[in-house]
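Colleague: Take me through this model, please. I want each label set against its cut-off.

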Amino acid sequence: QGSRGAFIYDGRHYSFVPAIKAGDVVDTTAAGDAFTAAMTLKYLENSGEITTAVKYGVAAGAITVSRRGAAQAIPTAEEVEALLLSGGR
């Protein structure tokens, strides 16, 4: 849901993960791709724990939109972890 965060439905329960701010939005190119890739990675690493995975994806997307371009805007795992630890700016 972009700047509003992400909606989760696991087939039984609904929940919501709010957006995280990583800086000013300068380019939304690749934000969805970054979110999906990061969420999928964390989901597989954490044996299907969806909320943690979505939070990780939200953080990856937030960093991506704060940079110009596509591939060069995708954050590293370290950058995503740092943003999550800081709670966003």
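**Labels and cut-offs**

Modeller: At 34% relative accessibility, Glu81 counts as partly exposed. This is a predicted model: local features need pLDDT of at least 70, side-chain atom pairs count only at pLDDT 80 or more, and totals for chains, interfaces and linings use all residues. Residues are numbered from 1 along each chain as its sequence is written, and side-chain values use heavy atoms, with hydrogens and water left out.

Colleague: Why is Glu81 called partly exposed?

Modeller: Buried means under 20% relative accessible area, exposed means over 50%, and partly exposed lies in between (1.4 Å probe, protein chains only). Glu81 has 34%, so the label is partly exposed.

Colleague: What makes Lys42 and Glu81 a salt bridge?

Modeller: The definition asks for a side-chain nitrogen of Lys or Arg within 4 Å of a carboxyl oxygen of Asp or Glu. For Lys42 and Glu81 the N to O distance is 3.5 Å, so the pair qualifies. The pair links distant parts of the chain: Lys42 sits in helix α1, Glu81 in helix α3 (residues 77–86), 39 residues apart. Helices here are DSSP runs of H or I with at least four residues, strands are E runs of at least two, and both are numbered from the N terminus.

Colleague: What makes Lys42, Glu45 and Glu81 one network?

Modeller: Shared partners in salt bridges join them. Lys42 also meets Glu45, at 3.2 Å from N to O. Glu45 and Lys42 are 3 residues apart in helix α1 (residues 31–45), which means a separation of about one helical turn.

Colleague: Is Lys42 buried or exposed?

Modeller: Lys42 is buried, because its relative accessibility is 13%. Glu45 has 47% and therefore counts as partly exposed.

Colleague: How many salt bridges does a search of the whole structure find?

Modeller: The search finds 4. The chain has 8 positive and 9 negative side chains, and the centres of the two sets lie 6 Å apart. Lys and Arg count as positive, Asp and Glu as negative; His and the chain ends are not counted. Each charge is placed at NZ of Lys, CZ of Arg, CG of Asp or CD of Glu.

Colleague: What is the order of the elements from the N terminus on?

Modeller: The order is β-β-α-α-α. That gives 3 helices and 2 strands.

Colleague: How do you know that the radius of gyration agrees with a compact globule?

Modeller: The globule rule is 2.2 Å times the number of residues to the power 0.38, and the radius is taken over C-alpha atoms. For 89 residues a compact globule would be near 12 Å; the chain has 12 Å, so the two agree. Along its principal axes, the C-alpha trace spans about 40 × 25 × 25 Å. Of the 89 residues, 31% count as buried.

Colleague: What makes the phi of Ala30 worth a look?

Modeller: Most residues other than glycine have a negative phi. Ala30 is not a glycine, yet its phi is positive, about 75 degrees. Ala30 lies in the loop between β2 (14–18) and α1. Its relative accessibility is 15%, so Ala30 counts as buried. Ser47 also has a positive phi, near 50 degrees. Ser47 lies in the loop between α1 and α2 (50–65). With 73% relative accessibility, Ser47 is exposed.

Colleague: Which residues does Val26 touch, not counting those up to four places away in sequence?

Modeller: Val26 touches Val65, Ser66, Arg67 and Arg68. Contact means heavy atoms within 4.5 Å. Val26 and Ser66 are 40 residues apart in sequence, but 5.3 Å apart in space, C-alpha to C-alpha. Val26 lies in the loop between β2 and α1. Its relative accessibility is 35%, so Val26 is partly exposed.

Colleague: Why is Ala38 called buried?

Modeller: Its relative accessibility is 9%, which is under 20%, so Ala38 is buried. Ala38 is found in helix α1. Beyond its neighbours within four places in sequence, Ala38 is in contact with Tyr56, Gly57 and Ala60.
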